[in-house]
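Please look through the sequence and the fold below before reading on.

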Amino acid sequence: MKTKNLIALEGNQAIALAMKQINPDVVAAYPITPQTEIVQVFSEYVANGEVHTEFVTVESEHSALSACIGASAAGARTMTATSSQGLALMWEMLYIASGARLPIVMTVVNRALSSPINIHCDHSDAMGARDSGWVQLWSETAQEAYDNLIQAIRIAESVNLPVMVNMDGFITSHAEEVIEPLDDEEVKHFVGEYRPLRSLLDIEHPFTVGPLALQDSYFEFKRSQAEAYKRVIPVLKRVADEFSKITGRKYDLFETYNLDDAEIGLVVLNSTAGTAKEVIDVLRGEGKKVGLLKPRLFRPLPVEELREALSKLKVIGVMDRADTFGGFGGPLFTDIRSILYDVPNRPIVTDYIYGLGGRDVTTEQIFKVFENLENIYNTGKVESLVSYVGVRE
Amino acid sequence: MKLPKWKEMPEGIVILEAGNAQEYETGSWRTFRPVVDKSKCINCLFCWIYCPDTSIIVKDEKMEGIDYAHCKGCGICSKVCPVKAISMVEEGSL
């Protein structure tokens with residue numbers, strides 16, 4: 001057993017370190033709070049000659065992802081990072097990257113979307129991009145974000161799909177945390193050399209990228225793309241197994257906490273899962289059968305596996321850090337509820353929209369959610385399928 | 001041209017063969033069709049130079065006719081013809 005190399009890093013610094021160790025061919029990025037530090041620290045690595053990366057400074061996120069798409073089509077291992085309005089400005093390019101099957105890897109430091117303007121955490125940015133064809137990994141801690149980013153390279157390049165790694169703005173990106181990074185050599189070996197499916201620089205094999213496809217072909221392209229997501233789950237599991245062999249850290253499609261014998265379950269993404277675990281410990285101490293499921297892979301949605309893990313519960317509370325205005329609850333809620341529709345004696349599923357615009361998520365709020373779920377469990381009655389937690393009433 | 005089924009599509013929005021636009025027929029939405037009167041044609045090839053597609057068929061430096069599978073009926077060839085050998089005739093009236 002080798003000695004652990006523990007260092008204190010902010011989430012953004014951990015991401016920049018992972019990018020340095022991955023040493024991508026091209027990074028095109030534009031700074032935006034709270035992601036700025038990733039670009040800033042990484043650009044120092046570039047200036048110091050610690051990476052061989054071609055760093056493309058651009059005038060907007062639209063250009064950043066456009067440059068990444070060009071670089072990736074040329075056969076370069078390509079990365080970027082953004083937040084909130086930056087991701088929103090990338091919107092049309094997101095679909096082009098996934099449709100063109102380019103394995104670009106991007107960190108998204110989750111931040112609320114305007115308006116009103118706000119720089120703090122919620123998940124409306126990434127949730128707005130949930131149907132864009134990017135694989136989405138979510139991270140509770142800086143360690144998970146670091147580990148996810150390294151694994152994302154392998155996943156992206158194995159399935160030829162772009163991957164975004166999400167972590168909570170400020171809460172994870174700016175909080176200092178003790179993390180255990182891999183050695184540079186270990187990362188280099190783990191990600192390996194990128195061998196693109198095809199490259200525009202390969203003049204022996206010319207091809208056209210991004211042609212027009214009208215009524216007679218667009219549908220076949222999109223149907224073929226839809227199939228590609230089926231390959232993500234087995235690839236993610238294989239990559240996670242390999243990763244755990246060198247780090248001892250185990251990753252899967254989702255993490256469960258006290259879920260096996262639980263009757264009441266909570267489903268929540270990212271850093272709030274950590275707060276929820278504290279609450280679950282207290283409630284377990286009182287003999288209450290409560291547990292947690294924290295999705296790691298949100299797109300593609302691991303439907304079968306989630307159904308298997310959640311179907312035995314009696315009541316499930318989903319916590320969404322994003323609203324779907326005019327829709328039926330948050331995006332996580334509608335997915336989880338839909339997955340469980342065909343289960344005999346399906347659990348009751350309710351939604352709690354919380355923490356918008358960085359509103360602090362306290363243990364009190366989560367205790368309240370469990371209190372509400374317990375009430376539903378005892379009475380079988382649901383007052384409101386979708387409610388808001390932590391907002392001034 | 002036989003169009004591939006979705007399982008036969010390449011990964012990515014790509015066309016892997018070079019120069020295959022010829023196989024893809026795009027002349028179906030023409031409203032007016034250029035018709036050549038070969039008795040007037042002087043083989044100056046202005047039509048060939050000006051055609052924004054590649055729909056003027058030329059063999060041995062002689063204008064041979066129109067590739068109707070790709071001609072969209074824009075009428076430029078008819079406009080530039082110095083001897084008025086190309087007239088635009090409404091599709092369906094032939």
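What follows goes from the sheet to a helix packed on it and then to one arginine.

This is a predicted model, in which local features need pLDDT of at least 70 and side-chain atom pairs count only at pLDDT 80 or more, while totals for chains, interfaces and linings use all residues. Residues are numbered from 1 along each chain as its sequence is written, chains are lettered from A and ligands numbered from 1 in the order in which they are written, and side-chain values use heavy atoms, with hydrogens and water left out.

In chain A, 7 strands form an open sheet with mixed pairing, in the order S3-S2-S4-S5-S7-S6-S13. Strands (E, at least two residues) and helices (H or I, at least four) are DSSP runs numbered from the N terminus, and two strands pair if DSSP finds at least two bridges between them. Strand S3 (54-57) and strand S13 (297-299) of chain A each have a single partner strand, so one side of each is left without a neighbour in the sheet. Within the sheet, strand S5 (residues 105-110) and strand S7 (residues 163-168) of chain A run parallel and are joined by 6 bridges; A:Thr107 has A:Val165 as its bridge partner in S7(A).

Helix H3 (residues 61-73) of chain A packs on this sheet, touching strand S2 (26-29) and strand S4 (78-82) of chain A, where contact means heavy atoms within 4.5 Å.

Helix H7 (residues 142-159) of chain A contains A:Arg154. Is this arginine, A:Arg154, buried or exposed? A:Arg154 counts as buried because its relative accessibility is 14%, the limits being under 20% relative accessible area for buried, over 50% for exposed and partly exposed in between, with a 1.4 Å probe and protein chains only. Leaving aside neighbours within four places in sequence, A:Arg154 is in contact with residues including A:Phe190, A:Arg238 and A:Glu242.

Terms used. Axes are lines fitted to C-alpha atoms, for helices over the stretch in contact, and angles run from 0 to 180 degrees between N-to-C directions.
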